[in-house]
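User: I want to go through the labels attached to this model and see what each one rests on. Please set each value against its definition.

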Amino acid sequence: MRLLWAGFMAILAAGVGFAIRGGIFDNWGKEFGFTAAQLGAIGGAGFSGFCFGIIVGGVIVDKIGYGKLVAVALLCHIASAFVTFGASTPDNAYTFLFWGMFIFAYANGTLEAVANPLVATLFPENRTHYLNILHASWPAGMVLGSVAGWVLDDKMHIGWKTQLALYLVPTALYAIMFMGQKFPKSEAAAKGASFVQMLKPVGILGALVACYLLALFFGDITKAFSPANATNIGYAVGGVLLIVVAVMTKFSLGSFLLFVLFVTHAMVGAVELGTDGWIQNITGNLFTSEQGKYLFIWTSAIMFGLRFCAHFIETKLKLSPIGLLLVCAIIACVGLNLASTMQTFTMAMVALGIYAVGKTFFWPTMLAVIGDRFPHTGAVAMSIMGGIGMLSAGLIGGPGLGYGKDRFAGEELNKADAALYQEYKAAAPSTFLNIPATSAYGLDGKKLGEAKDAKEKTPAQQTVVAADQRGDRATLKFDSFIPATMAAIYLLLLIYFKAIGGYKVVRIDEQA
C-alpha cells in the first residue's frame, strides 16, 4: 500500500504542474506575445517528453529496477524547474519553456513507467479498481494546482514562476515515500521473459502507431534547424525505429487487438489531456479567468471522486472494462457538444460536469485492459500505450485545439469585419501536423490580450473578443468528434469479446 500511495504522490506532482501550466498560458501569451498555436506547442512538449520517459522507462524497468528510475525522475523534475525559469524575453522564452516542459514531462513519464506496472503487479485480481485509484492522483493534483493558481494568480497576482514551482512540494514527498522500499517484478519478468518476448505481441502493427507519432515529434523539433526537410527527417527516424522493432521481433505482426487499443488510446490522449490543457483557457475566455479555474476544479474533483468507484461500477452495474469505456465515450461526446453551446456559468457546470464523468475512466481502464489481456508483455505494452496517449496529446490534441482556436477565431473575425481581421491577425500562419494545406491565420496573442483586458472596450475590441469566443465554441464542437469515434470502436470491441465468450482476465500461463 505504501508503494501504491507513493505512486499516487508521484502522479499528483505531475497533475499539479499540469494544472498550473494550463492556468498561466494567458500569462505567457501576454508577456511573450505567443499565438495559440505556439502555446499549444509548448503545452504539447509537456506530453511529448512524457512519451519518451514512459517508453524508455517501460523498456528498461524490468532490467534495472524501479528504484533507479525513480531517482532519474527526481533529478529531471528538479532540472526542469531551472530550465523553465530561464524564460525571460520574447526571443528566448519559447525555447526555454518548450524544453522545460519536455524535461518535466520526461520525469512524469518515467514515474508512470514505474507506477503502472507496479500497481498492476501488486493487485492482479482487481487492476481496474487500483489503477483508477492510482490515477485519481492526476485530477487531485489538478485540483490542488488550480486552487493554488487561482489564489496566487487571480487574487495575489504572484508571478508565474512562483506558481509553477509549487509542483516541487509533492516531488519531494514522493521521493521520501519511495525511499527504502523493495519493489516486486512484473509477472512476465518473474517468469523470465526476455524483452523481445515481451515486445512480440506489440510487433509491427503496434510499433506502427508509436513510430508514426514519433515521426511527427522528430519532424516538429527539427523545424528549428531544417524547416524545409523537417517532415522528411521525422518520417525517416520513425521508419528506422519501425524497422528496428520488426527485426528485433523477427517480423512479428503483433496482436491486432493491441493495435486497435493503441489507436484508441491515441484518441484518449487527444481528447482527455489535449482538452484538459486548454479548458481553463477556453472557459476563462468564455466567462472570466476566475470562473475558468472554478470549472477546472469542478471537473477535476468529479474525476477524483469517481475514480474510487470503478470497483463498484464493475461489480454492481455489471459493466466490463470495455462496456465502461463505451458508456464513458458516449457521455464525453454529449458533454463536449453541450459545452460548445454554454452561455451561462451554471450551464457550463452542467456541460463540463457531464464531460468530466465521461473522461474519468478512459486512461486507467485502458491500462487495466492491457494488464488483463496481455500480462506476458510485462511493463512494455502498458508503457508504450501510455507513451502513445501522451504523444498524441502533445502532437495532436494540444496543438490541434490550439490550431482550431486560431483557425475558427480568425474565420469568425474575418466574417464579422475583414478590415479588423487584417489588423489583428497573427504575423505567421498556424498549421496542423505541419500540413501546408491546413494553413490558417489566427489572432495576434498580444493584441488579443489587450482587447480582452481593456476595461472599457471599443466597438472594435468587442468585435474581436466576440469572434474569439465563437472560435472557442467551434473548437469544442469539433473536439466532440473524437469521443464519438472512440464510442464506435468500443462498441465493435464489445461485440468482439461477446463473440469469443466475454471479457475475462488472461493468466500468463494461459497465454504461454
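Analyst: Start with accessibility: buried means under 20% relative accessible area, exposed means over 50%, and partly exposed is in between, with a 1.4 Å probe and protein chains only. This is a predicted model, in which local features need pLDDT of at least 70 and side-chain atom pairs count only at pLDDT 80 or more, while totals for chains, interfaces and linings use all residues. Residues are numbered from 1 along each chain as its sequence is written, and side-chain values use heavy atoms, with hydrogens and water left out.

User: Why is Trp 99 called partly exposed?

Analyst: Trp 99 has 35% relative accessibility, so it counts as partly exposed. Phe 98 has 7% and therefore counts as buried.

User: What makes the pair of Phe 98 and Trp 99 edge-to-face?

Analyst: Rings of Phe, Tyr and Trp (its six-membered ring) pair if their centres lie within 6.5 Å; planes under 30 degrees apart are stacked, over 60 edge-to-face, and the rest tilted. The ring centres of Phe 98 and Trp 99 are 5.1 Å apart and the planes stand at 75°, so this pair is edge-to-face.

User: How many aromatic pairs does the rule give, and what makes Phe 34 and Tyr 94 one of them?

Analyst: The count is 22 aromatic pairs. For Phe 34 and Tyr 94 the centre-to-centre value is 6.3 Å and the planes are 75° apart, an edge-to-face pair. The two residues are 60 apart in the chain: Phe 34 is in the loop between helix 2 (25–32) and helix 3, and Tyr 94 is in helix 5. Helices here are DSSP runs of H or I with at least four residues, strands are E runs with at least two, and both are numbered from the N terminus. Phe 34 has a relative accessible area of 5%, so it is buried; Tyr 94, at 30%, is partly exposed. Ring pairs also link Phe 34, Tyr 94, Phe 98 and Trp 99 into a cluster that includes Phe 32, Phe 52 and Phe 102.

User: Why is Leu 39 called buried, and what is it in contact with?

Analyst: Leu 39 has 6% relative accessibility, so it counts as buried. Leu 39 lies in helix 3. Contact means heavy atoms within 4.5 Å. Neighbours within four places in sequence aside, Leu 39 is in contact with Phe 25, Trp 28, Gly 29, Phe 34 and Trp 278.

User: Which residues touch the most other members of the largest nonpolar core?

Analyst: A nonpolar core is a set of buried Ala, Val, Leu, Ile, Met, Phe, Trp, Tyr and Cys residues joined through side-chain atoms within 4.5 Å. The largest such core has 140 residues, and those touching the most other members include Trp 28, Tyr 174 and Tyr 490. Helix 5 (residues 93–122) supplies the largest share, 15 residues. A separate second core has 11 residues, among them Leu 420 and Val 465.

User: How do you know what lines the largest cavity?

Analyst: On a 1 Å grid over the protein atoms alone, a cavity is a set of points where a 1.4 Å probe fits but cannot get out, and lining residues have an atom within 4 Å of a point. Grid points are joined across faces, edges and corners, and a volume is the space filled by probe spheres set on the points. The largest cavity has about 100 Å³. Its lining has 14 residues, with Ala 14, Phe 50, Asn 108, Trp 138 and Met 390 closest to the centre. Helix 1 gives the most to this lining, 5 residues.

Definitions and conventions:
1 Å grid on protein atoms, 1.4 Å probe; cavity = no way out; pocket = protein on both sides within 12 Å on 5 of 7 lines; lining within 4 Å.
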